[in-house]
Amino acid sequence: MLASPHLVADTAAVFEPGGPLSANIPGYRTRSQQVEMAEKIAAAIADNRMLVAEAGTGTGKTYAYLVPALLSGGKVIVSTGTKTLQDQLFNKDIPTVRAALKAPVKVALLKGRANYVCPYHLDRSLLDGRFQNREDVAYIQKIARFAKETRSGDKAECLDVPENATAWIMATSTRENCLGQECPHHKECFVLQARKEALSADVVVVNHHLFFADVMLKDEGMAELLPACNAVIFDEAHQLPETASLFFGDSFSTSQVLDLARDARSEGLASARDCLDLQEATRIVDKAAKDLRLTVAVEPARYAWSQLEGNAQFLDGLANLEKELELLNAILENQAERSEGLENCWRRNGELLQRLIQWRQEQPGVVRWGEAFNHSLQLNATPLDVARLFRKQLDGHPRAWIFTSATLAVQADFSHYCNELGLWDAESARWESPFDYGQQAVLYAPRDIPDPNLPGFTEAVVEAAWPALKACGGGAFFLCTSLRAMRRTHELLAAKLEDEGLEMPLLLQGEGSKTELLERFRRLGNAVLVGSQSFWEGVDVRGEALSLVVIDKLPFAPPDDPVLKARVEQMEKEGRSAFMEYQLPRAVINVKQGAGRLIRDETDRGVLMICDPRLITKPYGKRVWRSLPPMKRTRDLIEVLDFYAALQPN
């Protein structure tokens, strides 16, 4: 079903003063940027075109794409960056717009299978009774009660059990351990139910990871969702190049091996109790996977293939794991016919073995690297160029593709983004934020800060930020580019607060979930939060609770990052400037994301402090600050102190 030819006019009418939005949504005001953006998206949907659209904070981009999507009369997939944003769209934004438009549109929420209770694995875990601790025993009982009461099976609705509790691993399925049609609980499967609802809905809300895993790679039986759809809208589209790299590559993880060993052990106890070899083989494979993780440093880190290749312990551990998986494979093959679960474990074992063998082989245009996490090691094979791979997915059935975010352009230039994703013929447009940045915010680049690579840099940052922090009385984010700098910043601030006897609660990323920390930060009103990567984006704190954002360095990816290093080498071979075309644009997008935490509505006031002297001393620094909102700029502390003084009630 094609979009209505009157879609642009119908969309514009919705935003007019006295139109459905202002009549039905308290506090709604027409903004020219929002109307223009909505019209542009409506035109792209009506003509099945590609549009790349940047909309500054406060434009109201969510309504700008939802109105034409709900009016279009076709099937629309909306993909966003995180599950939290998915829930917000599904539970708040879409119902609000749908009610205002009185649109008879059916909406479905679809998440990855790990978000839904799996009755089969829940039963297996309750029967098996092997839990790591008492907490898990209590949680699994709560999940079992939830499974009997819930309609959706979505773990986000089970408020008694934290989303990161290990008990969820035992009560959910993965692509690898799902029994599909053979499952005895097939009829009450929550994942299948969610998919059926998605297939019959007009608007389906997914996240980027699910979109790539399910729709692009047809990994989870969702191949029928995309052909039926008339438009795909990516919100938080700046994340797509990274996500695309992840999904167009291959990976093998020791955690997948541990999951397999656990499931094979459990299935063996249920259906092949007499096969003692199976229990012993799963134990040996489990140990081989853990031993492989221990061949690299304990601290989480990324390793290039050249580093791994030079590590004899790693190579021995890899060969040993391959050998033990082959032995387990032979045992599982013999036992496979005894149950669907054992047959599934045999298939998984074969796939894992194949992936491990494939990873060991060099492939042109692909970089091999490893990433160590606290308890696992992941081996990745990532394509250096995803543009052609992504473009292949876009061509075919005519439909509209909309890419939108607050941060896509570098000084109004979209070429770096379009080149990364193969959007060579896409139309692009951008709208400035409606906020009065000249009055609401100051960009402060302090003087006399040493080069970021010199010792004492973090100390200098805290020293320079201290007067501003005291002047605003708390309500600050310190955004660091590394975990080491984050921990050191926290240490230095704690010492200063104690020395001066100041009452400002100090929060640190990792001391709780991101959601918990943000709730505490908002509630306290004068807290200081020190964070790294996860607080640079997707964080919304309005009002006086946040009036200072300190960025320590320009967020360039570490030069020893294996994927970056390989991409840089490839671009330089082609005679291109990797720094100007790739590294700088990515850093600019990240700075824009960090800066975007400060001003979230018309009444917010605050200072953005960027402590990296390269912002001023390097020629490329101009490209960074010219890409930021038009705040008043200063290098003088006195202007910052005056700004805060003017905010104090007389």
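I'll go through a helix contact, the aromatic rings, the cysteines and then a few individual residues.

Ground rules before that. This is a predicted model, so local features need pLDDT of at least 70 and side-chain atom pairs count only at pLDDT 80 or more, while totals for chains, interfaces and linings use all residues. Residues are numbered from 1 along each chain as its sequence is written, and side-chain values use heavy atoms, with hydrogens and water left out.

Helices and strands here are DSSP runs numbered from the N terminus, H or I with at least four residues for helices and E with at least two for strands. Take a look at helix 6, residues 119–128, and helix 12, residues 254–271: their axes come within 11 Å and cross at roughly 70°. The axes are lines fitted to C-alpha atoms, for helices over the stretch in contact, and the angles run from 0 to 180 degrees between N-to-C directions. So helix 6 is roughly perpendicular to helix 12.

Contact means heavy atoms within 4.5 Å. Sorted by type, the residues of this contact come out as 3 nonpolar, 2 polar and 3 charged. In that scheme Ala, Val, Leu, Ile, Met, Phe, Trp, Tyr, Cys and Pro are nonpolar, Asp, Glu, Lys and Arg are charged, and the others, Gly among them, are polar.

Let me zoom in on serine 266, in helix 12. Leaving aside neighbours within four places in sequence, serine 266 is in contact with Arg124 and Asp128. Is serine 266 buried or exposed? Buried, with a relative accessible area of 14%. The cut-offs are under 20% for buried, over 50% for exposed and partly exposed in between, with a 1.4 Å probe and protein chains only.

Next, the aromatics. There are 18 aromatic pairs in the structure. Rings of Phe, Tyr and Trp (its six-membered ring) pair if their centres lie within 6.5 Å; planes under 30 degrees apart are stacked, over 60 edge-to-face, and the rest tilted. One of those pairs is phenylalanine 212 with phenylalanine 247, stacked at 6.2 Å centre to centre with 15° between the planes. That pair links distant parts of the chain, 35 residues apart: phenylalanine 212 sits in helix 10 (residues 208–216) and phenylalanine 247 in helix 11 (residues 240–248). Phenylalanine 212 is buried at 0% relative accessibility, and phenylalanine 247 counts as buried at 18%.

Then there's phenylalanine 477 with phenylalanine 521, a tilted pair: 4.9 Å between centres, 50° between planes. Here phenylalanine 477 is in strand 13 (residues 476–479) and phenylalanine 521 in helix 22 (residues 514–524), 44 residues apart. Phenylalanine 477 is buried at 0%, and phenylalanine 521 is buried at 0% too.

There's also an aromatic cluster: Phe211, Phe212, Phe234, Phe247, Phe248, Phe390, Trp401 and Phe403.

On to the cysteines. How many disulfides does the structure hold? The count is 0, where a disulfide is a pair of cysteine sulfur atoms within 2.5 Å. For cysteine 183, the nearest cysteine sulfur is that of cysteine 118, 5.8 Å away. For cysteine 480 it's the sulfur of cysteine 611, at 9.6 Å. Cysteine 480 is buried, with a relative accessible area of 2%.

Cysteine 480 shows up again around glycine 531: not counting residues up to four places away in sequence, glycine 531 touches Phe478, Leu479, Cys480, Met486 and Gln509. Glycine 531 is in strand 15 (residues 528–531) and is buried at 0%.

Last stop, backbone angles. Aspartate 448 has a positive phi of about 55° although it is not a glycine. Aspartate 448 lies in the loop between strand 12 (441–444) and helix 20 (457–472), and is exposed at 78%. Asparagine 48 also has a positive phi, near 55°, and is partly exposed at 24%.

How values were computed:
Angles under 35 degrees count as roughly parallel, over 145 as roughly antiparallel, 65 to 115 as roughly perpendicular and the rest as oblique.
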